[in-house]
Amino acid sequence: MDTYYNSADLAKFATMGEEAPDLWQKFMAYYGSVFEEGALSPREKALIALAVATAVQCPYCIEAYTQSSLEKGANEEQMTEAIHVACAIRGGASLVHGVQMKNIVKKIGF
């Protein structure tokens, strides 16, 4: 069945550098540096990436960072918990933006 997102496209990611190789190299250098060992372990970074990928709804990133999380020693329970953290933050952000609605209602006087 055809879908809007094609999992085979993940393997084509590098083609985004074809027309802008300098920018691609800079992005890849930065991207690679971000995921190196630092104050956070590569496993922790993979879990964060999975949670963010879920929050921004990127199926390619979800696929990549599910695999990466598993390869770096995370289990399904930990990945699920990370996704719940992203869900809570995203839900809370939606709710707190509701304060804008309340402010407008108050301003209009209804």
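Which residues make up the largest nonpolar core of the protein? In this predicted model, that core has nine residues, namely Leu47, Ala49, Leu50, Ala51, Tyr65, Ala74, Met79, Ala82 and Ala86. At least two of its residues come from each of α2 (42-55) and α4 (76-108). The greatest contribution is that of α2, which provides four residues. Among the core residues is Leu47; when neighbours within four places in sequence are set aside, Leu47 is in contact with Ser69, Ala74, Gln78, Met79 and Ala82.

The fold as a whole contains four helices and zero strands, arranged along the sequence in the pattern α-α-α-α. For the 110 residues of the protein, the globule rule gives 13 Å, whereas the radius of gyration is 19 Å, well over that value; the protein is therefore more spread out than a compact globule. The C-alpha trace spans about 55 × 40 × 40 Å along its principal axes.

Buried residues account for 15% of the 110 residues. The accessible surface of the protein amounts to about 8600 Å², and carbon and sulfur atoms hold 63% of this area. Of the contacts between residues at least 6 apart in sequence, 53% link residues at least 24 apart.

With regard to annotation, an unreviewed UniProt entry places the feature "domain: Carboxymuconolactone decarboxylase-like" at residues 21-99. Within the model, residues 21-99 are 82% helix and 0% strand, and the end C-alpha atoms of this span lie 44 Å apart.

Note on methods: Residues are numbered from 1 along each chain as its sequence is written. This is a predicted model: local features need pLDDT of at least 70, side-chain atom pairs count only at pLDDT 80 or more; totals for chains, interfaces and linings use all residues. Side-chain values use heavy atoms; hydrogens and water are left out. A nonpolar core is a set of buried Ala, Val, Leu, Ile, Met, Phe, Trp, Tyr and Cys residues joined through side-chain atoms within 4.5 Å. Buried means under 20% relative accessible area, exposed over 50%, partly exposed in between (1.4 Å probe, protein chains only). Contact means heavy atoms within 4.5 Å. UniProt positions are given in the numbering used here, feature names are shortened, and annotations may be inferred rather than shown by experiment. The radius of gyration is taken over C-alpha atoms; the globule rule is 2.2 Å times the number of residues to the power 0.38. Accessible areas come from the Shrake-Rupley method with a 1.4 Å probe; for residues, only the protein chains shown count as cover.
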